[in-house]
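Dear colleague,

Please find below the structure that I am handing over to you. My notes on it follow directly after the display.

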Amino acid sequence: MKVHEYQAKTIFEKAGIPVPPGGVAETVADAVALAEQYARPVMVKSQVHVGGRGKAGGVKYAENVEAARVWAQKILGMDIKGLTVKKVLVTEAVDIVSESYVGIVIDRASKKPVIMVSPAGGIDIEEVAAKTPEKIMKYAVNPTHGLRGFEAWQLAAFLYRDPKQIRQAADIIQKLYGIYWAVDASLVEINPLITTPDGKVVAIDAKLNIDDNGLYRQREIAGMRDLDSEDASEVEAREADLSFVNLTGHIGCIVNGAGLAMATMDLVKHYGGDPANFLDIGGSSNPQKVLTAMRIILRDKNVRSILINIFGGITRCDDVANGIVMAYEELKPEIPIVVRLTGTNEDKAKQILKKVNLESADTLDNVVKKAIKLAEVVV
Amino acid sequence: MSILINKSTKVVVQGITGRDGSFHAEQMKKYGTNVVGGVTPGKGGTTVAGIPVFNSVSEAVKKTKANTSVIYVPPAFAVDAIYEAVDAGVKLVICITEGLPANDMMKVYDYIKGKDVRLVGPNCPGLISVDQCKVGIMPGSIVKKGSVGVVSRSGTLTYEAIWALTSAGIGQTTCIGIGGDQIIGTNFIDVLGMFEADPATKAVVMIGEIGGTDEEEAAKFVKKNMTKPVVGFIAGRTAPPGKRMGHAGAIISGGTGTAEDKVAALEKAGIPVAASPTMIPAMIKEKMAAAKKGKKAEKKSPAKGAKAKKAKKPAKKAAAKKPSAKKTKKSGKAGSKKK
């Protein structure tokens with residue numbers, strides 16, 4: 001789950017990481033009120049879950065209240081990479097002497113949290129890693145005993161020369177590491193971490209991603225989820241306990257198991273089609289889930305055929321078949337559906353499916369080929 | 001032969017009184033697994049499908065000499081269940097449960113590192129050593145005894161691949177799902193090393209997916225350390241970057257973990273990558289035939305004495321396998337009785 005910058009900054013502030021004062025606004029009037037309150041130049045920053053907001057024109061400097069009004073007007077409602085800006089963060093602008101980067105991520109290879117710091121901040125860290133890897137220091141922390149003071153100091157000393165700034169940065173890194181664990185983060189990032197003319201080290205941006213698997217014990221964080229900024233179908237799918245990702249093709253896919261769902265999509269592409277989505281109905285095959293899955297896919301006007309691929313292990317094919325019949329009768333789809341069910345209770349499933357007039361296929365490759373063919377006919 | 005589990009494996013089921021735990025305990029027992037006990041705190045003294053239930057893993061181990069534990073407890077308690085199993089002294093812990101926080105798993109991994117215990121999973125289907133023992137949730141009906149080892153990050157995709165092999169008359173030694181999470185106890189290279197060391201395994205199918213760099217590491221390992229042929233499959237060629245594809249670990253982030261990178265790494269290491277799971281059997285057959293030929297040639301040439309030594313055993317066994325390979329053709333229609 002992604003958390004907005006303004007939300008992450010609240011968490012930072014609570015933990016004692018210095019951030020410029022700021023507030024979130026959903027209307028121009030509120031944004032102006034905030035700018036008036038600070039009575040000095042501000043930044044107006046769009047709050048959307050996408051990288052490259054600045055480049056897209058979603059982050060602007062406003063010299064005075066009038067400028068803040070103009071930018072708030074422009075940015076609120078703006079479209080950034082397909083997402084509509086519904087909130088802006090209005091925050092005091094600060095003078096910047098230097099920009100650094102601090103981030104903590106899960107490192108899958110070492111199975112440890114890795115802290116990355118770089119004096120080349122303010123730009124994409126992947127770009128730094130590709131072009132000037134010597135400007136990045138990485139440190140894998142022992143997850144059991146945590147980040148020690150001297151380790152944080154050494155990381156900070158890679159960023160600054162001034163002992164006072166090193167001390168401030170070490171403290172920030174230590175606190176950031178604390179946040180990482182406290183909120184079940186999978187990524188936490190300050191880019192840039194800046195120094196001001198009077199020598200202060202301040203976090204002027206904040207990025208925080210939460211491990212979905214930790215959300216059950218992160219009530220407060222879970223409440224920060226911004227449903228507006230997510231794909232509506234993906235939200236509906238999640239609520240029904242389905243894994244779903246919207247794509248741009250025209251062959252709808254309903255599959256059990258994430259790996260098989262990916263492989264099915266890949267095969268659609270391999271045989272010349274284009275998948276409309278990734279959809280895993282999961283292990284337990286509640287017929288209701290199939291109905292929801294079908295409803296979500298049918299809403300996508302690009303979809304010209306639907307393929308259902310089920311390999312029954314724990315999933316029982318007859319449950320899925322019941323779901324298909326239920327969905328067919330309730331939703332009355334006008335596009336062709338081709339089904340391949342194999343494994344547990346396959347025969348029962350075939351009996352059930354006789355109630356409706358659907359295409360079927362016996363193998364993975366055949367169900368894919370058939371779905372592609374049927375999609376062509378519709379055109 | 002097989003890897004990790006066999007006839008002498010004694011299994012204790014953590015969470016045996018739950019819906020999944022009880023169902024699969026029975027399924028495992030039916031397959032012939034020696035399920036010696038179950039654990040649910042507070043339900044000690046009862047039984048599930050004739051299996052005695054204990055209050056703790058250590059009690060179960062003491063009374064039953066269990067050496068393997070399989071975990072079906074809900075995600076909020078599964079991390080604790082792993083620690084409990086490790087502390088009770090079992091040598092193999094298989095965590096089926098999905099949804100364990102990755103940060104917790106980093107601590108678990110740090111805890112077990114250096115101890116005489118192996119963790120498989122979490123978020124995995126478990127494993128089957130064909131006709132010997134099944135631990136986890138894989139359907140026992142799709143496997144068939146033979147000489148191919150299967151290792152995968154997935155569940156149903158693995159079944160699809162196993163079924164393709166079985167339908168083509170190619171049997172397996174051990175099939176193992178290592179899990180779809182970011183932090184897992186056993187990685188590809190661990191399993192590949194075991195298959196290389198297992199005399200019954202003649203070839204390996206490795207099924208990877210997007211996310212992380214495990215497949216790349218495995219490719220290097222195969223090139224450097226393996227004499228047995230490996231065939232690969234990578235899921236997620238059409239997955240968009242930055243999106244989690246069902247599995248917590250299946251995500252392309254910051255440009256790493258793409259299917260293209262993985263396919264390229266495997267191919268560079270001489271591992272052919274199938275475009276569809278159904279193409280795996282033909283590739284395995286071809287690879288095994290080539291390996292056999294190569295080894296025969298090596299055997300004849302004394303100059304390659306060092307390699308021929310390794311080749312000796314496999315060549316003999318491969319010949320012994322032939323009849324069973326033919327027999328399986330008949331069972332190609334066994335699909336209807338799959339579980």
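A residue is called buried if 20 or more other C-beta atoms lie within 10 Å of its own, exposed if 12 or fewer do, and partly exposed in between, with C-beta atoms placed from the backbone. Helices (H or I, at least four residues) and strands (E, at least two) are DSSP runs, numbered from the N terminus. On these terms, helix 1 of chain A, residues 5–15, has A:Glu5, A:Tyr6, Gln7 of chain A, A:Ala8, A:Lys9, A:Ile11 and A:Phe12 buried. Just after helix 1 of chain A, A:Gly16 takes a positive phi of about 95°.

Please note that this is a predicted model, in which local features need pLDDT of at least 70 and side-chain atom pairs count only at pLDDT 80 or more, while totals for chains, interfaces and linings use all residues. Residues are numbered from 1 along each chain as its sequence is written, and chains are lettered from A and ligands numbered from 1 in the order in which they are written.

The two chains

Chain A comprises 13 helices and 19 strands, and its C-alpha atoms fill a box of roughly 75 × 50 × 40 Å along the principal axes. Of the 379 residues in chain A, 49% are buried. Chain B has 10 helices and 14 strands, and 57% of its 339 residues are buried.

Domain bounds come from an automatic or database domain assignment. For chain A the assignment gives domain 1 (21–92), domain 2 (98–222) and domain 3 (232–378). The centres of domain 1 and domain 3 of chain A, taken over C-alpha atoms, are separated by 42 Å. For chain B the assignment gives domain 1 (7–122) and domain 2 (124–329).

Contacts between domains and chains

Two residues are in contact if their C-beta atoms, placed from the backbone, lie within 7 Å. Between the chains, the contact takes 50 residues from chain B and 47 residues from chain A. On the side of chain B that touches chain A, helix 3 (75–88), helix 4 and helix 5 (156–167) of chain B each supply at least two residues. Helix 4 of chain B gives the most to that side, with 7 residues. Ala, Val, Leu, Ile, Met, Phe, Trp, Tyr, Cys and Pro count as nonpolar, Asp, Glu, Lys and Arg as charged, and the others, Gly among them, as polar. The side of chain B that touches chain A accordingly divides into 22 nonpolar, 19 polar and 9 charged residues.

Within chain B, what does helix 7 meet in helix 8? B:Glu215, B:Glu216 and B:Ala219 in helix 7 meet B:Asp261, B:Lys262, B:Ala265, B:Leu266 and B:Lys268 in helix 8. The residues of this contact divide into 3 nonpolar, no polar and 5 charged.

The nonpolar cores

A nonpolar core is a set of buried Ala, Val, Leu, Ile, Met, Phe, Trp, Tyr and Cys residues joined through C-beta atoms within 7 Å. The largest such core has 202 residues, and those with the most contacts inside it are A:Ile173, A:Ile254, B:Ile71, B:Ile82 and B:Val93. A second, separate core of 21 residues includes A:Ala25, A:Leu34, A:Val44 and A:Val65.

Individual residues

B:Thr201 lies in the loop between helix 6 (188–197) and strand 12 (203–209) of chain B. Because 24 C-beta neighbours lie inside 10 Å, B:Thr201 counts as buried. Leaving aside neighbours within four places in sequence, B:Thr201 is in contact with B:Ser147, B:Gly149, B:Thr173, B:Phe195 and B:Lys228.

Two peptide bonds should be noted. The bond from A:Asn191 to A:Pro192 is cis, with omega near 10°, and A:Pro192 lies in strand 11 (residues 185–195) of chain A. The bond from B:Gly121 to B:Pro122 is also cis, with omega near 10°, and B:Pro122 is found in the loop between strand 7 and strand 8 (126–129) of chain B.

A:Asp184 has a positive phi of about 55° although it is not a glycine. This residue is in the loop between helix 6 (163–182) and strand 11 of chain A. With 21 C-beta neighbours inside 10 Å, A:Asp184 counts as buried. A:Lys332 likewise is not a glycine and has a positive phi, of about 45°. A:Lys332 counts as exposed, with 8 C-beta neighbours inside 10 Å.

Yours sincerely
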